[in-house]
Amino acid sequence: MTSLQRAVVWLVLLVAAGLMQGCSTVGAKTPGQRLDPWEKWNRKVFGFNEKLDEHVIKPVAVTYSEVVPRPVRSGVDNFFGNAADAWSAINNLLQGKFSNGLHDVVRFGTNTIFGLGGVLDVATEFGLDHQYEDFGQTLGRWGVGAGAYVVWPVLGPSSVRESFALPLDLSASPALVFRNGAVKWEITGLQLVNKRAGLLGATKVLDDIALDKYTFVRDAYLQRRRSLVYDGEDGPQRPDDGKNETDDGGPPPVSEKPAAPAADSAKPAAPAASQPAPQPAPAKP
């Protein structure tokens, strides 16, 4: 890891630690404030990212998608996806999902050996699909709450928990195996541009439908991260109102009052009150 990368990692950790400490001092009274207590600052960073994307990243991505043939771009996607499979295997094992971890190991090995280092996605043809897991999801499965929402310059939407996981998740890239600093930055730049090119259609739709783009992106990001942490299942709930909590750490609360026992359908019905037996009608003469 170069000195610049170390500096970035320490900066992220220090700022994230400050944000985590700030979470405990923010006396928010409404769910929206608990969710995004730094909204004023986050909107400024979001606006900066939008300008950077509009004037720099998006034009490069558009040129990339127009110049580079689709099969080549698919190969680049597969190459970076193969590295993500290796990182996903580690996180699945850390979460105790050993079957999924083995699935990722087999997928990574198959594409690395038979797919020209991951350029070809052979594993999908064999029925081994992607199931990406990152360290942020691992922290969530360990019970670490998401914390407040935060927007990072260039990197975009995140949370306090994801900010702690960010250095490791960013390091899980093919650039990690190269010692040459120039090559590392070239691969990182290619990964960024290729990913942005794949989102061109989605951002166009977002620009057309979102009245408040910041709020739309924030809510979509937090909902998606929550779904990924809990594999699409319901997370813990607040004991006060039963609604899903925005801070998704810890096990779901257990009700102190035991549930009322269900009615026993097998219990025989109470016997009816005894009635005098009917007398037979007299015979006609």
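Reply: A crossing of two helices is called left-handed if the near helix is turned anticlockwise from the far one by less than a right angle, and right-handed if clockwise. This is a predicted model: local features need pLDDT of at least 70, side-chain atom pairs count only at pLDDT 80 or more, and totals for chains, interfaces and linings use all residues. Residues are numbered from 1 along each chain as its sequence is written, and side-chain values use heavy atoms, with hydrogens and water left out.

Me: OK, in which crossing does α4 pass α9, left-handed or right-handed?
Reply: The crossing of α4 and α9 is left-handed. Helices here are DSSP runs (H or I, at least four residues), and strands are too (E, at least two), numbered from the N terminus.

Me: Which residues make the contact?
Reply: From α4 they are R73, V76, D77 and F80, and from α9 they are I187, L190, Q191 and N194. Contact means heavy atoms within 4.5 Å.

Me: And the angle between α4 and α9, what is it?
Reply: About 115° between α4 (residues 70-94) and α9 (residues 181-198), with the axes 11 Å apart. Axes are lines fitted to C-alpha atoms, for helices over the stretch in contact, and angles run from 0 to 180 degrees between N-to-C directions.

Me: Switching to P174. Where is it?
Reply: P174 sits in the loop between α8 (160-171) and α9.

Me: Buried or exposed, that P174?
Reply: Buried, because its relative accessible area is 9%. Buried means under 20% relative accessible area, exposed over 50%, and partly exposed in between (1.4 Å probe, protein chains only).

Me: What does P174 touch?
Reply: F79, F80 and A83, leaving aside residues up to four places away in sequence. P174 and A83 are 91 residues apart in sequence, yet their C-alpha atoms are 6.2 Å apart in space. F80 also belongs to the contact of α4 with α9.

Me: Now the strands. How do β1 and β2 pair?
Reply: In the antiparallel sense, over four bridges, with β2 covering residues 156-159. Two strands pair if DSSP finds at least two bridges between them. W152 has G156 of β2 as its bridge partner.

Me: Which residues of β1 are buried?
Reply: Y149 and V151 on one side, V150 and W152 on the other, so both faces of β1 (residues 149-152) are covered.

Me: What about V154 in the hairpin?
Reply: V154 has a positive phi near 70°, in a hairpin with three residues between the strands.

Me: And L116, what is its phi?
Reply: Near 55°, a positive value in a residue other than glycine. L116 lies in the loop between α5 (98-114) and α6 (122-125), and counts as exposed because its relative accessibility is 64%.
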